[in-house]
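Welcome, and take a moment to look over the model below.

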Amino acid sequence: MSKESALILFAHGARDPRWAAPFQRLQKMTQLSLPDCAVELAFLEFMTPSLPDLVAGLVEQGCLTVTVSPIFLGQGGHVLRDLPLLLDELRTSYPALDIKLATAVGEEETVLQAIRDYCISLV
């Protein structure tokens with residue numbers, strides 16, 4: 001079943017496939033909470049699917065809106081430079097697609113509080 005909106009969890013990627021396990025769990029957990037939205041996982045490098053490949057498939061399936069959520073702890077070079085360039089290319093390729101960009105997940109106060117709470121629980 002095609003969905004008109006998608007949430008893309010965008011992560012860096014790594015050579016070791018085990019690195020992706022927490023991101024895959026996050027994708028599945030999020031999909032269960034958003035049954036009317038496609039929740040997908042894309043990677044900047046080393047892993048597939050890439051963001052351009054994923055977006056191409058979503059558009060082919062009839063998706064009209066995508067929100068990209070960078071699953072990075074901070075707004076570093078990949079989020080500030082690489083990702084905007086990728087999104088500009090996608091907007092050029094798919095002018096009818098509404099593409100939204102969230103801040104890096106680690107910039108959100110509730111995420112930092114959850115990490116803090118976990119760290120506190122260790123002591």
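## A leucine at the surface

Is Leu 112 buried, partly exposed or exposed? Leu 112 is partly exposed, because its relative accessible area is 40%, and the classes used here are buried under 20%, exposed over 50% and partly exposed in between, with a 1.4 Å probe and protein chains only. This residue lies in helix H4 (residues 109–121); helices (H or I, at least four residues) and strands (E, at least two) are DSSP runs, numbered from the N terminus.

Together with Leu 73 and Ile 115, Leu 112 forms a nonpolar patch with about 270 Å² of accessible area. Patch members have over 30% relative accessible area and no salt bridge, with nonpolar side chains (Val, Leu, Ile, Met, Phe, Trp, Tyr) joined within 5 Å and like charges within 9 Å. Areas come from the Shrake-Rupley method with a 1.4 Å probe, and for residues only the protein chains shown count as cover.

## How to read the model

This is a predicted model: local features need pLDDT of at least 70, side-chain atom pairs count only at pLDDT 80 or more, and totals for chains, interfaces and linings use all residues. Residues are numbered from 1 along each chain as its sequence is written, and side-chain values use heavy atoms, leaving out hydrogens and water.

## Strands and crossovers

Strand pairing here needs at least two DSSP bridges. E1 runs parallel to E3 over six bridges, and six bridges also join E1 to E2 in parallel. Leu 9 has Ser 69 as its bridge partner in E3 and stands opposite Leu 41 in E2. From E1 the chain crosses through helix H1 (residues 21–33) to E2 in a right-handed β-α-β crossover; right-handed means that, with the strands pointing away from the viewer, the path from the first strand over the helix to the second runs clockwise.

E3 (residues 65–70) and E4 (residues 98–101) pair in parallel over four bridges, with Val 66 opposite Ile 99. With helix H3 (residues 77–93), E3 and E4 make a right-handed β-α-β unit.

## The nonpolar core

The largest nonpolar core has 21 residues, and Val 66 is one of those touching the most other members. A core is a set of buried Ala, Val, Leu, Ile, Met, Phe, Trp, Tyr and Cys residues joined through side-chain atoms within 4.5 Å. H3 gives the most to this core, with five residues. As for E1, six of its seven residues are buried.

Notes:
Salt bridge = Lys/Arg side-chain N within 4 Å of Asp/Glu carboxyl O.
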